[in-house]
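Please look over the sequence and the structure shown here, and then follow the paragraphs below, which lead from one residue into the rest of the chain.

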Amino acid sequence: MSIDVANESGVPADEERLSRLARYVLDAMRIHPLAELSIVLVDEEPMTELHVRWMDEPGPTDVLSFPMDELRPGGQDDRPSEPGVLGDVIICPQVAARQAEKAGHSAQEETDLLCTHGILHLLGYDHAEPDEHKEMFGLQGELLAGWRAGEATPEGRPHEREDTAR
């Protein structure tokens, strides 16, 4: 799996951790091992430009996702998805830090959440409708809980987990 993480934000970030998290999420969702993903951290000015251009909304946002090949999670019978380019997840660490403070957790936890959220959007999940919101945020919570449990193991690998893909 090719996961490219670029930090263009000027804010220190653990790019290796983001790559491991993305790999964990993609593995849990049974994404083909030849799939490609790009994660870019940007500061507020370029995020504002993207937000205005693509969402027609003012100011910076926390995360944007730009899907490419419209890959979907692998099948229930452990078949992976088709290979292809998932797309780009763009995260703004400055917005993430403000949200983390309001939520009472670390900026790293917020960035982990945004990365996972962005990947789920690339995989076709949305939260515009109440039932979609429940499914996406439930899955996001399961994935993050599994990730945190795995980060706590001595080997730094996820514990065996139940099937989280929907």
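**A walk through the predicted model**

His117 has its place in helix α4. The model is a predicted one, and in it His117 counts as buried because its relative accessibility is 9%, which is under the 20% limit for that word. Leaving out residues up to four places away in sequence, His117 touches Val63, His127, Met136, Phe137 and Gln140.

His121 lies in helix α4 as well, but this residue counts as partly exposed because its relative accessibility is 24%. Again not counting residues up to four places away in sequence, His121 touches Ser65, Asp126, His127 and Met136. Why look at these histidines together? An unreviewed UniProt entry lists His117, His121 and His127 under "binding site", and in the model the lining of the largest pocket includes His117, His121 and His127.

In soluble globular proteins, nonpolar side chains tend to be buried together. Here the largest nonpolar core has 32 residues, and those with the most contacts inside it are Met29, Leu37, Ile39, Leu86, Val89, Ile91 and Ile119. The elements that each give two or more residues to this core are the strands β1 (2–7), β2 (36–41) and β4 (85–91), together with the helices α1 (15–28), α4 (107–122) and α5 (130–151). The largest share, seven residues, comes from α1.

When its neighbours within four places in sequence are set aside, the residues in contact with Leu86 include Leu26, Ile31, Leu37, Phe66, Met68 and Leu122. There is also a second, separate core of seven residues, which includes Val42, Met47, Leu64 and Cys92.

Strand β2 also holds Ser38, and this residue is buried because its relative accessible area is 14%. Beyond residues up to four places away in sequence, Ser38 touches Asp4, Gly87, Asp88 and Val89.

A pair of aromatic rings is described by the distance of the centres and the angle of the planes. A search of the whole structure finds two aromatic pairs. In one of them, the ring centres of Tyr24 and Trp147 are 6.0 Å apart and the planes stand at 55°, so the pair is tilted. This pair links distant parts of the chain, since Tyr24 is in helix α1 and Trp147 in helix α5, 123 residues apart. Tyr24 is buried, with a relative accessible area of 4%, and Trp147 is buried, with a relative accessible area of 4%.

The other pair is formed by Trp54 and Phe66, whose ring centres are 5.9 Å apart and whose planes stand at 70°, so this pair is edge-to-face. Because Trp54 lies in helix α2 (residues 44–55) and Phe66 in strand β3 (residues 63–67), the pair ties together parts that are twelve residues apart in sequence. Trp54 is partly exposed, with a relative accessible area of 48%.

The protein averages a pLDDT of 89, and 89% of the residues score at least 70. Over residues 157–166, however, the pLDDT is below 50, and this stretch has 26 contacts in the model beyond near neighbours in sequence.

Terms used. Residues are numbered from 1 along each chain as its sequence is written. This is a predicted model: local features need pLDDT of at least 70, side-chain atom pairs count only at pLDDT 80 or more; totals for chains, interfaces and linings use all residues. Side-chain values use heavy atoms; hydrogens and water are left out. A nonpolar core is a set of buried Ala, Val, Leu, Ile, Met, Phe, Trp, Tyr and Cys residues joined through side-chain atoms within 4.5 Å. Buried means under 20% relative accessible area, exposed over 50%, partly exposed in between (1.4 Å probe, protein chains only). Helices (H or I, at least four residues) and strands (E, at least two) are DSSP runs, numbered from the N terminus. Contact means heavy atoms within 4.5 Å. UniProt positions are given in the numbering used here, feature names are shortened, and annotations may be inferred rather than shown by experiment. On a 1 Å grid over the protein atoms alone, a cavity is a set of points where a 1.4 Å probe fits but cannot get out, and a pocket is an open set with protein on both sides within 12 Å along at least five of seven lines; lining residues have an atom within 4 Å of a point. pLDDT is the predictor's confidence in each residue, from 0 to 100. Rings of Phe, Tyr and Trp (its six-membered ring) pair if their centres lie within 6.5 Å; planes under 30 degrees apart count as stacked, over 60 as edge-to-face and the rest as tilted.
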